[in-house]
Amino acid sequence: MQQKIIRAWVVYHNLPYTRGKGSNLGYSAAGKHKKRGGKLDKYTFSMHNARMSYAQQAHISSNVCIVQAYAKINLTLDVLGQRADGYHELATVMQTIDLHDTICLTATDDNRVHMISTMPELSNDENLAARAAHLVRQRLASTQGVKIELYKRIPMAAGLGGGSSDAAAVLLALQQWWQLQLTPSDLLNLAASLGSDVPFFLTGGLALCEGRGERVTPFASYWPSSMRWLLLLKPAISVSTTAVFRNLPASDYTDDMHSRTVSSALNAGSCPHADNLHNGLERSVLERYPQVAQARKDLLKAGAPLVRLSGSGPTLFAPFAELTSAFRVQQQLQAQGYEVFLSRAIHPNTGSVCLF
């Protein structure tokens, strides 16, 4: 069974969402999955039918492994309150999108982890991708050297989960490439130790994430046609997630009803109401960062039907039903000097590893 689960994790076809017969991946509704014993109880995950399919396409040889690491958006983000450990209790519905980084892992003979990125400031051992490799080596007392080359396309400190995504990609790539005897529980614990969003990126797709974000319940692969195209606007600033949560007033805390309501709608194959696409950090971010507030106004003025903040920002996203409308708004905002990405929701589909 373990080998079947591991094989199911290696998936890598970039397919659009479809609705209808065969689209349900076999996940139970949120809250109805069974907890397993041991450490997995701490990081609850619907694993039995999970398509552990992080990188959309993996190319593996004895010396080289190439994977893609996908960004995410938060359809909801309910902040329930601050915990005793200093973190905040969250409920958030997240979805992977086809904006991605590319990671090339190359075997070396020098018993070291080398981190090289197209963004020089990421070429160090503090990079989450490098930390993931170090963690695996420490966990298994491995002396295998590896060079990690990161072609960075996901904006940094943008609320899109790029660093967490890179870390999850490295964990899954090493699991397959080095044929590691790590159980699902092992991987979940490694992922959670690296960051709150990393467990979500082990599967990607559409999921409800709770706790600090480490308790993940995947959904069926339904995506509303009214949100087929996603326009992402990244204002020319970086936002510290830590600072955003530190400055969040208790008056912006909510219960988890926005996330639960959106989860129920998507699981039922219907489009969630715009009022429930709520981000509890948005009001505070718009107030403290005028560049984000102005970008939101410009998106709406250009024709975006709805604009929401992803994560702690500063990236904003706007859904569109038609490509022509999304592309027209993208061109208008790029002419104003904004960094804008036209993307779509994706869910990895089971496939084969490509050898070369």
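## Helices α2 and α4

Helix α2 passes α4 in a right-handed crossing, a term that applies when the near helix is turned clockwise from the far one by less than a right angle, anticlockwise being left-handed. Helices and strands here are DSSP runs, numbered from the N terminus (helices: H or I, at least four residues; strands: E, at least two). Helix α4 comprises residues 184-194, and the axes of α2 and α4 come within 10 Å, crossing at roughly 135°. Axes are lines fitted to C-alpha atoms, for helices over the stretch in contact, with angles running from 0 to 180 degrees between N-to-C directions. The two helices are therefore oblique to each other (under 35 degrees counts as roughly parallel, over 145 as roughly antiparallel, 65 to 115 as roughly perpendicular, and the rest as oblique).

The contact (heavy atoms within 4.5 Å) involves L128, R131, A132, L135, V136 and R139 of α2 together with D186, L190, S193 and L194 of α4. By class, six of these residues are nonpolar, one is polar and three are charged; Ala, Val, Leu, Ile, Met, Phe, Trp, Tyr, Cys and Pro count as nonpolar, Asp, Glu, Lys and Arg as charged, and the others, Gly among them, as polar.

## Basis of the model

The model is predicted: local features need pLDDT of at least 70, side-chain atom pairs count only at pLDDT 80 or more, and totals for chains, interfaces and linings use all residues. Residues are numbered from 1 along each chain as its sequence is written, and side-chain values use heavy atoms, with hydrogens and water left out.

## Packing of α3

Helix α3 (residues 162-177) packs against α2 (residues 128-140) at an angle of about 35°, with the axes 7 Å apart. From α2 the contact draws on L128, A129, A132, A133 and V136, and from α3 on G163, S164, D166, A167, V170, L171 and L174. Nine of the contact residues are nonpolar, two polar and one charged.

Between α3 and α4 the angle is about 155° and the axes lie 10 Å apart, which makes α3 roughly antiparallel to α4. Here A167, L171, L172 and Q175 of α3 meet L187, L190, A191 and L194 of α4. This contact has seven nonpolar residues, one polar and no charged.

## The open sheet

Four strands, in the order β11-β12-β10-β13, form an open sheet with antiparallel pairing (two strands pair if DSSP finds at least two bridges between them). Strands β11 (308-309) and β13 (339-343) stand at the edges with a single partner each, so one side of each has no neighbour in the sheet. Strand β10 (residues 229-234) pairs with β13 over five bridges, and L231 stands opposite L342 in β13.

Helix α9 (residues 290-302) lies across β10, β11 and β12 (316-320), running at about 15° to β12.
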